[in-house]
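Take a look at the model below.

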Amino acid sequence: MSDDSLALLEAQAFQLILTADEGSLDLALKELQRVDPGATVAHEFAPGVLLLNGTKSFADIAAAWEEQPPIFARHIVPVQSVLYVDEGADWREVLEVAMVAEILPYLEPDLPFSVQSRIFPHAPMKPFEVNQ
């Protein structure tokens, strides 16, 4: 990955997904807010899975947690792309366009990568379909 791509990716990484045990979610959020006091909850996807808006980049938070690891937060993942699809609309073409324009430019062809997707309960799709 080129330095320019890394810089652009880091600049866009102010939205995160935070995961924690459902019973410790408030403590995990406090751990994050010690590093990024401006972090706010944008959405709760599921018990223990939050979408957060923050003022610090993923790289800054990861570096801080490398020095002093959290106890309650399990994972933080930078959000690289968000798709809004109207209910009942065909989402496959929208997803393909987003992948080509927003995600594939950051991937090295010879390196493996992982896809994480979060889908709202009313959406007529399954994570397996999206990840295919």
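**A pocket and its helix**

The second largest pocket has a volume of about 170 Å³. A pocket here is an open set of points on a 1 Å grid over the protein atoms alone, where a 1.4 Å probe fits, with protein on both sides within 12 Å along at least five of seven lines. The volume is the space filled by probe spheres set on the points. This is a predicted model: local features need pLDDT of at least 70, side-chain atom pairs count only at pLDDT 80 or more, and totals for chains, interfaces and linings use all residues. Residues are numbered from 1 along each chain, and side-chain values use heavy atoms, without hydrogens and water.

Lining residues (an atom within 4 Å of a point) include Glu31, Val35, Trp65 and Ile71. Helix α2 gives the most, with 3 residues. By class, the lining divides into 6 nonpolar, 1 polar and 2 charged.

Now follow α2 itself, residues 25-35. Helices are DSSP runs (H or I) of at least four residues, strands (E) of at least two. Its buried residues (under 20% relative accessible area, 1.4 Å probe, protein chains only) are Leu25, Ala28, Leu29, Glu31, Leu32 and Val35. They sit on the same side of α2, because they cover an arc of only 155° around the axis, taken from the directions to the C-beta atoms. These residues pack against β1, β2, β3, α3 and β4, with contact meaning heavy atoms within 4.5 Å.

Step back to the whole chain. The protein has 5 helices and 4 strands, in the order α-β-α-β-β-α-β-α-α. Of its 132 residues, 27% count as buried.

How values were computed
Buried means under 20% relative accessible area, exposed over 50%, partly exposed in between (1.4 Å probe, protein chains only). Ala, Val, Leu, Ile, Met, Phe, Trp, Tyr, Cys and Pro count as nonpolar, Asp, Glu, Lys and Arg as charged, and the others, Gly among them, as polar.
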